[in-house]
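Me: I am new to this one. Please show me the structure, and then let me ask how the calls on it are made.

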Protein chains: 2
Amino acid sequence: MGKQQKNAISPSRAEDYPEWYQQVIKASDMAERAPVRGCMVIKPWGYALWENIVAQMDRMFKATGVKNAYFPLFIPINFLEKEAEHVEGFAKECAVVTHHRLEKAPGGRLVPGGPLTDPLVVRPTSETIIGDSFSKWIGSYRDLPLLINQWANVVRWEMRTRIFLRTSEFLWQEGHTAHATDTEAIERTRMMLSVYTRMVQDYLAIPVIEGHKTAAERFPGAVDTLCIEAMMQDRKALQAGTSHFLGQNFAKASNISFQTETETEEFAWTTSWGTSTRMIGGLIMTHGDDDGVIMPPRVAPAHVVLLPIFRKPDDRQQVMDYVNGLAAALREMVYAGRNLVVEIDDRDIGGARGWDWIKKGIPLRLEIGPRDMAADSVFVGRRDRPHRDKTAIKREAFIAQLPDILDDIQNQLFQRACRFREEHTRNVDDRSDFYDWFTPKNQEKPEVHGGFAMSHWCGDEACESKIKADLNVTIRCVPIDAGSETGTCICCGKSSDKRVVFAKAY
Amino acid sequence: MGKQQKNAISPSRAEDYPEWYQQVIKASDMAERAPVRGCMVIKPWGYALWENIVAQMDRMFKATGVKNAYFPLFIPINFLEKEAEHVEGFAKECAVVTHHRLEKAPGGRLVPGGPLTDPLVVRPTSETIIGDSFSKWIGSYRDLPLLINQWANVVRWEMRTRIFLRTSEFLWQEGHTAHATDTEAIERTRMMLSVYTRMVQDYLAIPVIEGHKTAAERFPGAVDTLCIEAMMQDRKALQAGTSHFLGQNFAKASNISFQTETETEEFAWTTSWGTSTRMIGGLIMTHGDDDGVIMPPRVAPAHVVLLPIFRKPDDRQQVMDYVNGLAAALREMVYAGRNLVVEIDDRDIGGARGWDWIKKGIPLRLEIGPRDMAADSVFVGRRDRPHRDKTAIKREAFIAQLPDILDDIQNQLFQRACRFREEHTRNVDDRSDFYDWFTPKNQEKPEVHGGFAMSHWCGDEACESKIKADLNVTIRCVPIDAGSETGTCICCGKSSDKRVVFAKAY
């Protein structure tokens with residue numbers, strides 16, 4: 001192999017990570033910017049990935065007793081005013097509907113007409129409108145727990161947007177539950193976080209740290225916010241899911257009360273939890289390389305592409321018959337709960353064909369020409385290995401091994417991501433080491449810093465905000481499984497009993 | 001059986017059909033009005049039905065090569081101006097976003113802030129925004145056909161709303177395709193209509209008539225609109241799906257052009273087609289009776305409810321063990337492509353328990369008490385039969401027959417609906433008979449009229465609009481499979497070569 005190996009994506013991750021991210025999405029044909037400010041169009045290859053994520057997560061939700069429902073897109077403004085912290089957190093960046101008609105202005109242009117007496121907000125999240133329903137649905141302890149999820153679009157007006165990571169409109173699920181006791185609500189908050197962890201680790205192959213947000217980083221109105229945090233390849237953290245214990249705050253705001261077994265009236269304890277199309281951004285930034293996206297097999301939009309090779313025009317019919325037969329056999333196989341998705345690409349465009357599928361990140365590429373047919377074998381390229389590293393395997397052996405090959409790719413991706421995170425995570429106990437860890441060494445690449453610092457924090461918001469002001473570094477979470485350990489706050493030196501995750505973040 | 005049989009829904013269909021519809025939805029717990037004008041909350045029982053419809057239809061779409069994608073909720077106003085007829089049809093009833101922030105007014109109330117330079121419309125349908133993407137995605141004949149579907153929410157500001165039938169926000173799918181030739185686009189328009197027909201007839205058990213809309217009833221901007229029309233139990237027509245051949249109108253408006261094999265540049269031929277949560281309204285109004293909703297088994301949110309009966313407190317454990325074992329066995333069975341959904345209702349609320357499930361329309365109710373267990377049998381009530389008409393069946397026989405029983409219920413519902421439609425459809429050739437057919441006989445029930453009139457129409461819009469003005473009756477469609485037959489226009493007496501469907505409609 002030559003030193004000067006050609007890669008499909010320019011710039012490379014090392015050259016310009018943010019630009020690499022834009023280019024890799026473009027090259028994979030997953031999504032693109034919409035003509036509407038801050039919005040995206042999710043193209044079929046990206047949307048099929050989302051469908052697989054949705055299907056799997058939906059099964060996991062339902063297995064815990066959650067049922068789906070659908071609530072209005074629009075929220076009356078005064079609903080947002082109900083919970084004091086919530087209004088501060090969400091009122092700033094909302095799309096507001098003020099008219100219900102378009103009219104022709106002189107000159108023929110369309111202008112808003114039919115002003116609404118009470119403007120409506122396009123939901124940025126649905127605690128308040130779902131709370132209104134819950135207040136009607138819940139009367140007695142017999143109605144509890146109430147376990148509801150919604151798959152929906154939401155809108156948060158964002159100034160700086162990036163496809164999948166931060167868009168004005170995005171797709172998500174939001175779970176909302178109500179319980180008779182705080183214990184049960186706290187258990188549910190934790191249970192849904194662990195569903196997210198299983199989804200993100202076992203299906204998206206992204207290792208995460210489970211933890212509590214600090215008070216400063218909490219969901220507006222929550223008593224406790226749990227989250228999962230992943231490390232991207234630029235060593236920044238990405239929050240991949242959150243689960244909130246809302247105490248009785250929203251129950252009081254929306255009057256969600258119930259009669260107990262002893263006939264007293266109490267407010268319910270509620271939770272909410274959400275994940276979004278942002279996970280796709282996390283998947284791309286965790287696994288993608290300088291040749292494009294890499295799809296973990298368990299959620300891949302397709303598992304295998306068959307690339308028929310015709311040496312002579314006469315070969316075509318024979319090769320296509322063989323390829324169609326193989327595709328039919330593979331499509332009957334089930335992997336990770338769904339039938340294998342097999343693409344056949346018989347375009348006559350030479351080497352560009354293979355590269356298209358590398359950029360899209362399909363787990364396996366199979367080249368099949370007359371020579372392979374004669375040997376009854378297929379020529380297999382794995383997306384987790386260098387693109388020239390291809391192997392001939394007998395057709396029957398390939399079919400027999402296929403589930404194991406896909407599992408192996410899935411595991412390799414997860415292990416590689418775990419190793420990357422380990423390499424860029426360090427216990428940091430000295431203040432100047434800490435500042436050094438987060439200070440770019442190369443002015444031309446201001447984004448390159450150490451990674452995650454596991455450091456002690458005294459619990460004081462002043463220390464948290466000083467570090468944020470100095471380094472643009474935040475406490476991503478206080479890990480759930482962090483053991484108790486005596487130390488001193490990385491900022492002020494006061495005593496502390498556990499390490500927290502400090503990082504730059506998306 | 002006494003003459004004075006009690007029914008669960010009041011008023012009955014005969015007493016007040018529109019009010020029966022509201023009450024039946026309430027009693028079934030499928031949906032309710034939202035606190036936002038014209039919007040609905042779809043509750044778990046209604047949403048599970050929608051999920052089953054979506055899953056089945058999505059499979060049918062994909063089998064024809066369609067892929068899903070997602071486009072923005074918001075459409076720039078000037079996009080709607082692109083197609084002249086389209087803007088007339090949709091600009092009137094849109095939700096318009098004019099601000100992107102909320103601000104606190106003096107006194108603390110929230111008011112719109114951050115005015116947008118260019119207001120945005122919440123999509124009433126997506127031809128224009130998807131057309132913009134298509135214009136970028138399509139360059140050559142090799143990119144065609146492009147077959148895309150979107151599952152989404154849309155908003156049309158409606159003055160008079162009714163849950164599922166007409167709401168300001170509703171859930172739907174909209175398919176959008178582009179083709180190299182008009183022939184292929186017309187074939188696709190027809191193909192998707194036949195997917196709708198199969199879905200609505202074979203799964204929702206609603207018989208439909210396939211036809212063309214008249215020019216006056218066409219989708220704004222379409223060259224031809226195909227539709228399926230069903231008859232509700234008040235004899236009015238409900239349009240359950242539409243498929244539009246858009247010619248090159250939208251391609252010209254959005255500049256969707258391609259290079260042909262001979263290297264000329266041409267506009268593509270496009271189609272669009274849609275169905276919505278309105279189908280649920282159609283299902284309720286086709287099958288529902290004076291005891292509630294009746295769910296066709298193939299799309300039912302659940303198939304069987306097990307109702308354990310405890311004569312003595314001591315029975316409980318034993319009966320529940322038996323019931324749980326039966327539920328586990330049933331849940332392993334597959335019917336119409338999905339695992340059987342089995343509910344267990346062990347609430348101690350007496351007869352109200354059985355009625356709750358009758359109102360919800362679950363296909364089968366199984367009562368199981370110590371006596372049934374001793375005989376190793378179950379006591380089965382079918383929702384398509386009178387509620388007292390229950391039969392004891394041996395457990396094993398029941399399990400063996402279950403798919404056939406469900407199929408039989410599905411077929412009975414369809415046949416009953418077909419018979420109802422036949423009874424209330426008539427060839428009408430005389431003008432005064434026609435006026436009589438649509439004139440209520442009883443002033444207290446102005447909604448009761450004949451039903452569908454299959455009558456000749458000369459093709460003149462003047463006749464169509466006179467009948468609409470006189471009787472509030474429209475031409476629902478010109479049936480696709482109507483044979484040629486000589487006759488005279490029901491309105492003006494001029495010659496005509498085919499009968500069309502006249503009806504009052506939702």
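Me: How many residue pairs are in polar contact between chain A and chain B?

Reply: The count is 28 residue pairs, both residues at pLDDT 80 or more. A polar contact is a pair of N or O atoms within 3.5 Å; within protein, one must be able to donate a hydrogen and the other to accept it, and residues adjacent in sequence count only if both atoms are side-chain atoms. Strand β5 (residues 96–104) of chain A gives the largest share of the side that touches chain B, eight residues. Strands here are DSSP runs of E, at least two residues, and helices are runs of H or I, at least four, numbered from the N terminus.

A word on the ground rules. This is a predicted model: local features need pLDDT of at least 70, side-chain atom pairs count only at pLDDT 80 or more, and totals for chains, interfaces and linings use all residues. Residues are numbered from 1 along each chain as its sequence is written, chains are lettered from A and ligands numbered from 1 in the order in which they are written, and side-chain values use heavy atoms, with hydrogens and water left out.

Me: What makes B:Lys62 and A:Glu51 a salt bridge?

Reply: The rule asks for a side-chain nitrogen of Lys or Arg within 4 Å of a carboxyl oxygen of Asp or Glu. In this pair the closest N and O atoms are 3.1 Å apart. Therefore the pair meets the rule. Across the interface of chain A and chain B, the rule finds six salt bridges.

Me: Which residues of chain A lose the most area to chain B?

Reply: The area buried between the chains is about 5,300 Å². Buried area is the accessible area (1.4 Å probe) that two parts lose on being put together, summed over both. Carbon and sulfur atoms give 65% of it. In chain A, A:Tyr70, A:Leu102 and A:Leu110 lose the most, together 12% of what that side buries.

Me: How do you know that β5(A) pairs with β5 of chain B?

Reply: Two strands pair if DSSP finds at least two bridges between them. Three bridges join these strands, which run antiparallel. Therefore they pair. A:His99 has B:Val96 as its bridge partner in β5(B).

Me: Why are the two copies said to be related as by a two-fold rotation axis?

Reply: Chain A can be laid on chain B by a turn of 180° and a shift of 0.0 Å along the axis, with an RMSD of 0.0 Å. The copies are thus related as by a two-fold rotation axis. Superposition is by least squares on the C-alpha atoms of residues with pLDDT of at least 70 in both. In chain A, the C-alpha nearest the axis belongs to A:Val97, 2.1 Å from it.

Me: Why do the copies meet through the same surface?

Reply: 100% of the interface residues of chain A are also interface residues in chain B, so the surface is the same. In all, 65 residues of chain A are in contact (heavy atoms within 4.5 Å) with 65 residues of chain B.
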